[in-house]
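Below is a short briefing on one protein chain, arranged by topic. Please keep the sequence and the model at hand while reading.

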Amino acid sequence: MALIAIGDIHGCARTLDALLECLAPTRDDLLVFIGDYIDRGPDARGVIERLLRLREEIPCVFLRGNHEALMLNYLDRGEADLWFINGGLTTLNSYRNDGIRIPEEHEAFIRETLLYYDTPDFFFVHGGLKPDLTIAENLRRFAHTDLFLWEREHLNAPRFAWEKPVVCGHTPVPEPINREKLIAIDTGCVYPHPGLGRLTAVRLPERTFISIPRQDLI
């Protein structure tokens with residue numbers, strides 16, 4: 001089974017459709033979505049609808065991003081401020097035809113996302129891991145926290161203690177990072193800034209990168 005990891009979508013449903021059309025995945029592929037499906041972009045609802053359909057057609061793994069965690073904090077504890085300043089209002093606005101009510105199926109999708117996905121050859125996570133600890137040590141210390149969703153220390157690390165390559169997103173970069181032990185694929189799909197504004201996937205183990213320019217008007 002081929003692995004295809006897909007970076008941060010952030011409510012850009014049309015861009016997701018364009019990338020999937022380019023990838024043309026089959027049932028022999030496994031799509032690993034790195035998280036941050038919602039917020040900032042115009043159509044979080046459309047993104048989740050597309051992913052719900054996709055998982056009926058293609059094997060998929062959906063990781064949790066920090067934005068999904070913020071949404072759950074809002075739903076569970078009413079913690080609105082941090083979510084709203086990070087794009088949560090845009091997500092709620094995408095559900096305006098539902099009376100700003102998030103459908104149960106969509107909420108269940110968010111709750112079922114995973115903090116990480118481990119395979120024999122690659123480790124997938126939204127934010128990253130502590131670079132000076134092995135993956136096993138990271139899991140032992142932080143698997144029940146939100147650190148994996150927010151971590152950035154690895155991006156400037158000169159070396160890694162990890163047993164295998166880690167594939168992540170979370171931090172927008174102009175070009176995918178492709179180091180022996182680190183693959184980072186958030187190329188800032190939702191951002192109109194120069195050098196960003198692309199949704200990126202990587203085929204593994206070949207490390208073939210596929211990027212689609214942002215299709216959504218924001």
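**Sheets, helices and local features**

Strands S9 and S10 run antiparallel and are joined by six bridges. The model is a predicted one. The pair belongs to an open sheet of five strands with mixed pairing, ordered S3-S2-S1-S9-S10. A second open sheet, also of five strands and mixed in its pairing, has the order S4-S5-S6-S8-S7.

**The sheet with S9 and S10**

- Which residues face each other across S9 and S10? Leu-199 stands opposite Ile-212 in S10, and Ala-201 has Ile-210 of S10 as its bridge partner.
- The hairpin of S9 and S10 has three residues between the strands, and Arg-207 in this hairpin takes a positive phi near 65 degrees.
- Pro-205 also belongs to the loop between strand S9 (198-204) and strand S10 (208-213).
- The peptide bond that joins Leu-204 and Pro-205 is cis, with omega at about 10 degrees.
- Helix H1 lies across strand S1 (2-6), S2, S9 and S10, and H1 runs at about 140 degrees to S10.
- The loop between helix H1 (13-23) and strand S2 (29-33) contains Ala-24.
- Ala-24 is not a glycine, yet Ala-24 has a positive phi of about 45 degrees.

**The sheet with S4 to S8**

- In the order S4-S5-S6-S8-S7, strand S4 (116-118) and strand S7 (177-178) stand at the edges with a single partner strand each, so one side of each is left without a neighbour in the sheet.
- Strand S5 (residues 123-125) pairs with strand S6 (residues 166-168) in the parallel sense, over two bridges.
- Phe-123 stands opposite Val-166 in S6.
- Strands of a sheet pair through backbone hydrogen bonds, in either the parallel or the antiparallel sense.

**H1 against H2**

- The axes of H1 and H2 are 8 Å apart, and the two helices pack at an angle of about 30 degrees.
- H1 and H2 are therefore roughly parallel to each other.
- The crossing in which H1 passes H2 is right-handed.
- From H1, the residues Ala-13, Leu-16, Asp-17 and Leu-20 meet Gly-46, Val-47, Arg-50, Leu-51 and Leu-54 in H2.
- By class, the residues of this contact divide into six nonpolar, one polar and two charged.

**H2 against H5**

- H2 and H5 pack with their axes 11 Å apart and at an angle of about 75 degrees.
- That angle makes H2 roughly perpendicular to H5.
- H2 contributes Arg-45, Ile-48, Glu-49, Leu-51, Leu-52 and Arg-55 to the contact, and H5 contributes Glu-105, His-106, Phe-109 and Ile-110.
- The contact of H2 with H5 has five nonpolar, one polar and four charged residues.
- Leu-51 of H2 is listed in the contact with H1 and also in the contact with H5.

**H3 against H5**

- Helix H3 (residues 66-77) and helix H5 (residues 104-111) have axes that come within 10 Å and cross at roughly 120 degrees.
- H3 and H5 are therefore oblique to each other.
- H3 passes H5 in a crossing that is left-handed.
- On the H3 side, Glu-68, Met-71, Leu-72, Leu-75 and Asp-76 meet Glu-107, Ile-110 and Arg-111 in H5.
- This contact of H3 with H5 has four nonpolar and four charged residues, and no polar ones.
- Ile-110 of H5 is listed in the contact with H3 and also in the contact with H2.

**Salt bridges**

- How many salt bridges does the model have? The count comes to 10.
- Glu-49 and Arg-45 both lie in helix H2 (residues 44-57), four residues apart, which is about one turn of the helix.
- Both Arg-45 and Glu-49 are also among the H2 residues in the contact with H5.
- Side chains of opposite charge can pair when their charged atoms come close.

Note on methods
Residues are numbered from 1 along each chain as its sequence is written. This is a predicted model: local features need pLDDT of at least 70, side-chain atom pairs count only at pLDDT 80 or more; totals for chains, interfaces and linings use all residues. Side-chain values use heavy atoms; hydrogens and water are left out. Two strands pair if DSSP finds at least two bridges between them. Axes are lines fitted to C-alpha atoms, for helices over the stretch in contact, and angles run from 0 to 180 degrees between N-to-C directions. Angles under 35 degrees count as roughly parallel, over 145 as roughly antiparallel, 65 to 115 as roughly perpendicular and the rest as oblique. A crossing is left-handed if the near helix is turned anticlockwise from the far one by less than a right angle, and right-handed if clockwise. Contact means heavy atoms within 4.5 Å. Ala, Val, Leu, Ile, Met, Phe, Trp, Tyr, Cys and Pro count as nonpolar, Asp, Glu, Lys and Arg as charged, and the others, Gly among them, as polar. A salt bridge is a side-chain nitrogen of Lys or Arg within 4 Å of a carboxyl oxygen of Asp or Glu.
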